[in-house]
Amino acid sequence: MKLLAHSAQPKKGLQEQTYYDHIMGVFCRAQANVESMLQYSHTVLAETIKPIVLWAACFHDLGKLDEKNQEVL
């Protein structure tokens, strides 16, 4: 079974997006954004915030993996 994060929207010209592709894209953008942000912060703060942001990126759409949600997607 292919796990989806987003259904196709043909009227908007959008294809479906797999859960893996979505999470990896969000993770990469979050990593780049947190790195940019943390250049202006203290080291101790960076050591706390960076892992929180990256874990949040990994798990932000976990509910989409539920069978009932996948049926809709």
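Colleague: Hello! What should I keep in mind about this predicted model?

Modeller: The model is predicted, so local features need pLDDT of at least 70 and side-chain atom pairs count only at pLDDT 80 or more, while totals for chains, interfaces and linings use all residues. Residues are numbered from 1 along each chain as its sequence is written, and side-chain values use heavy atoms, with hydrogens and water left out.

Colleague: Which residues of α1 are buried?

Modeller: Buried means under 20% relative accessible area, exposed means over 50%, and partly exposed is in between (1.4 Å probe, protein chains only). In α1 the buried residues are Tyr-19, His-22, Ile-23, Val-26, Ala-30, Val-34 and Leu-38.

Colleague: And what puts these residues on the same side of α1?

Modeller: They cover an arc of only 105 degrees around the axis, where the arc is that of the directions from the helix axis to the C-beta atoms. Turned away from that buried side is a face with the exposed residues Tyr-20 and Arg-29. As for partners, the buried residues of α1 pack against β1 (4–6), β2 (17–18) and α2 (43–59).

Colleague: Why are Trp-55 and Phe-59 called a stacked aromatic pair?

Modeller: Rings of Phe, Tyr and Trp (its six-membered ring) pair if their centres lie within 6.5 Å, and planes under 30 degrees apart count as stacked, over 60 as edge-to-face and the rest as tilted. The count by this rule comes to one aromatic pair. Trp-55 and Phe-59 have 5.5 Å centre to centre and 5 degrees between the planes, and are stacked. Being four residues apart in helix α2, they are separated by about one helical turn.

Colleague: What makes Trp-55 exposed? And what is the label for Phe-59?

Modeller: Trp-55 has a relative accessible area of 53%, so the exposed label applies. Phe-59, at 45%, is partly exposed.

Colleague: How many salt bridges does a search of the whole structure find?

Modeller: It finds three. A salt bridge needs a side-chain nitrogen of Lys or Arg within 4 Å of a carboxyl oxygen of Asp or Glu. One of them joins Glu-16 and Lys-2 at 2.4 Å, N to O. That pair links distant parts of the chain, with Glu-16 in the loop between β1 and β2 and Lys-2 in the segment before β1, 14 residues apart. Glu-16 is partly exposed at 35%, whereas Lys-2 counts as exposed at 52%.

Colleague: Why does the pair of Lys-50 and Glu-35 count as a salt bridge?

Modeller: The closest N and O atoms of Lys-50 and Glu-35 are 2.3 Å apart, which meets the rule. This pair also links distant parts of the chain: Lys-50 is in helix α2 and Glu-35 in helix α1, 15 residues apart. Lys-50 counts as partly exposed at 26%, as does Glu-35 at 39%.

Colleague: Which side chain meets Asp-61 in a salt bridge?

Modeller: That is Lys-64, at 3.3 Å, N to O. Lys-64 and Asp-61 are both buried, and Asp-61 has a relative accessible area of 14%. Asp-61 lies in the loop between α2 and α3 (67–72), and Lys-64 is in that loop too.

Colleague: What does the side chain of Lys-64 reach at 2.8 Å?

Modeller: The backbone oxygen of Ala-5. A polar contact is a pair of N or O atoms within 3.5 Å; within protein, one must be able to donate a hydrogen and the other to accept it, and residues adjacent in sequence count only if both atoms are side-chain atoms. Asp-61 and His-60 make such a contact between their side chains, at 3.2 Å.

Colleague: And what does Asp-61 touch, not counting residues up to four places away in sequence?

Modeller: With contact meaning heavy atoms within 4.5 Å, Asp-61 touches Tyr-19, His-22 and Ile-23. Lys-64, leaving aside neighbours within four places, has contacts including Leu-4, Ala-5, His-6 and Tyr-19.

How values were computed: Helix = DSSP H or I, 4+ residues; strand = E, 2+ residues; numbered from the N terminus.
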